[in-house]
Amino acid sequence: MKRYNVQIILAVALAILAYLAQEEIIGKYALSVLMFMGINVILSTSLNLVNGYMGEFSCGHAGFMAVGAYVSSVLGVMLFAKDKVFGPALLDPSLSIWVFPLIVIIGGIAAALAGLLVAIPSFKTRGDYLAIITIAANYIVISVVENIDTIGGARGFMGMKSVVKAMGKTIDMPWMPIWVFIFTILSVWIIRRFISSTFGKGVPAINQDEIAAEIMSVNTNKMKMVAFMLSSGLAGVAGALFAYILGYVNPGSFTILKSTEVLVMVYLGGMGSLSGSVLSAILFTLLLEALRPLQIIKWVVVPFLLILLMQFRPEGIMGNRELPDFFPRLKRFYAFKD
Amino acid sequence: MKRSLVKSTLLAAAFSMAAVPALSADVIKIGFNIPMTGDIPKVGESSKLSAEMLKEDINGAGGLEVGGKKYMLEFIYEDNEAKAESAVTTALKLIEKDEVLAMIGPNSSKQAVPAGQVADDNETVMISPWSTNPDTTLDRPWVFRAAFLDPFQGPVAVDFAAKRFSAKTAAVLYDLSNDYSKGLAEIFKADFEGKFGEGSVKAFESHGTKDQDFSAQLTTIINAKPDFIFLPDNYNQVALIVKQANQLGWSGPIMGADAWGSSELMELCGDLCKGYYFSTHYAAKGAKGATKEFIDRYTAKYGEVPDDVAALTWDATRIVLKGIQQAGELTGKLSKDREAIRDGLSSITKFDGITGSMSFDEQGDPVKCAVVVKITDEGEFEFTESVCP
């Protein structure tokens, strides 16, 4: 029984969330905060894979998010909505229920390919150079989007709301919260499985000592490529969900500022700690919402809290440990195969 | 002992956060979804100052009269951090948790388009003072705006230049990653070439938002020898571009659009900008009547001349208040009152604002005049001409 505890808890949580959203017991405001929380969890855990576990420094996460957002938006609108540029819907809108998760995954795959393009030249170098290359990649993505007029250029692209509405019309359920929940859990699960697999152990090995890892038969180049693609692919998934929640994408939403926000979440949670990244993404989102009444002072308080944290706990909330390391009794309640 | 202390403090904190300010039946709540931090904090600040002044006016006079009953106004200012996702959560918070009757803002189109979607889905009136993207109000019966659209400012510039500079040829320099600048440049080009024939726009050059050096583009432009340069750019870039054009030997006229209209333009640009023209929402110098009264009071109160955001927020808020008055009476039932306000707003046939008198078309966009102002030798923006659709 113990082996399925976590799965059961998650399934129950999903059911409760769907019920609460359907009956409008939790309002749309709370729901939107929860959804952005999920997206932040995906973003911070996926960046942690590169910046934390692998010890590289990538700061163009928002660029990959933009790729995922735009690819899935254009695809979704082309297939299921009427648009001035792409003409009438290619498929019956009621099919959107089945195709939507595929669209999100395709957004992720496109972002992973973009990640590969960046990874090939950049992993010949180390450290600071990767930071510069990823910043450049972020700018390139934004400039490309700005210069393609068919997808709205700097004006942005919209029409995704009609896809979401079409899903709701076919079967009346709160689809967006459900999918955000599922993809959040899925991406945390994938990263966990990857890191704890025999193959994936090469990632922390590179972090410890690249030469030693190479000698111990880790194909470091391939390892880096796979980790980077996984990380950017999940960022693409987050971007796709982001686009469908907002119903509107604009290159201005994916600038270096967004990348920095994700970096803050990673270092707040602790490098190389998955549960730390999840916790910090949740905390960060909640904190920004809870401190709203402070208005402008908020941007004094939040950075001040960060400084305090870095002063007294420079390794982040969790350091490089996981939740059960702090609360060993948690282990009694679940078990994984690894 | 210590534990219980911690517990009780936490509990107290939780309660104080959950506590809702006591509701009074005679209060009208209006939400402001404005950027007080982020890229353009000045925009949010101007909006807030302007709204505060209006609130003091009305509450000082005993409140707003709706259907024979006086209501006090309560304005709720929420910071949207100049981010799209934050504008959406802010809009939802105002609509759902604060239960506002109507929402003013967001100002920039990047946020106004998604927030407009939220307002329309949740059937709450939203009016953006400053957004110029057509998508903000397109097919959204609950969303309005107070500023004219970009397509209108292009022809204004063309007509004015043809008359004032006797221009037959033009050159354009615009910001590629700024949708406002790019849209305006394209409309200007289409209209100018429509009037003076293909090729009359001799140079059509672009730059990036953070560029500092424009000599390559300006050299091309100056070598093309146009009659004037159209420069639909933000004021901070205008200062740099004008300076460099001057160094490269340009002495002809330059014309701009409403993004020039910041009090900081003269500080950055100095003497070089004097004598140039731009089209905008209203002119501070040479204003008459209610506009002059507004400018004088704002200047006296806050020590700075109100920019166009302040003026447009003033108008947008007054439009909403007029819509509420037109609604007849308030029942206290949120969804019913919101609908009455929307009907009230769309039934406004003519509104005399400080940025000119306007009416709304079926999309919720205003039909109003633009003014062209000249930068005088004292560095003030002087009314030159009014151009109406």
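Predicted model: local features only at pLDDT ≥ 70, side-chain atom pairs only at ≥ 80, totals over all residues.
Residues are numbered from 1 along each chain as its sequence is written, and chains are lettered from A and ligands numbered from 1 in the order in which they are written. Local features need pLDDT of at least 70 and side-chain atom pairs count only at pLDDT 80 or more, while totals for chains, interfaces and linings use all residues; side-chain values use heavy atoms, with hydrogens and water left out.

A nonpolar core is here a set of buried Ala, Val, Leu, Ile, Met, Phe, Trp, Tyr and Cys residues joined through side-chain atoms within 4.5 Å. Buried stands for under 20% relative accessible area, exposed for over 50%, and partly exposed for values in between (1.4 Å probe, protein chains only). The largest such core has 96 residues, and A:M176, A:L241 and A:F254 have the most contacts inside it. Its largest share, 14 residues, comes from helix α10 (residues 220–246) of chain A; helices (H or I, at least four residues) and strands (E, at least two) are DSSP runs, numbered from the N terminus. Leaving aside residues up to four places away in sequence, A:M176 touches A:M35, A:F100, A:V164, A:M167, A:L241, A:Y244 and A:I245, where contact means heavy atoms within 4.5 Å. Another core, of 49 residues, lies apart from it and includes B:Y71, B:A146, B:W314 and B:A340.

On the surface, A:L279, A:L323, A:F326, A:F327, A:L330 and A:F333 form a nonpolar patch with about 510 Å² of accessible area together. Patches are made of residues with over 30% relative accessible area and no salt bridge, like charges being joined within 9 Å and nonpolar side chains (Val, Leu, Ile, Met, Phe, Trp, Tyr) within 5 Å. A salt bridge is a side-chain nitrogen of Lys or Arg within 4 Å of a carboxyl oxygen of Asp or Glu. Areas come from the Shrake-Rupley method with a 1.4 Å probe, and for residues only the protein chains shown count as cover. A:L323 sits in helix α14 (residues 323–326) of chain A and is partly exposed at 31% relative accessibility.

The structure holds 2 disulfides over all chains, a disulfide being a pair of cysteine sulfur atoms within 2.5 Å. B:C269 and B:C273 form a disulfide with their sulfur atoms 2.0 Å apart. B:C269 is buried at 4%, as is B:C273 at 0%. Another disulfide joins B:C369 to B:C388. The torsion about its S-S bond is about 95 degrees, so the link is right-handed.
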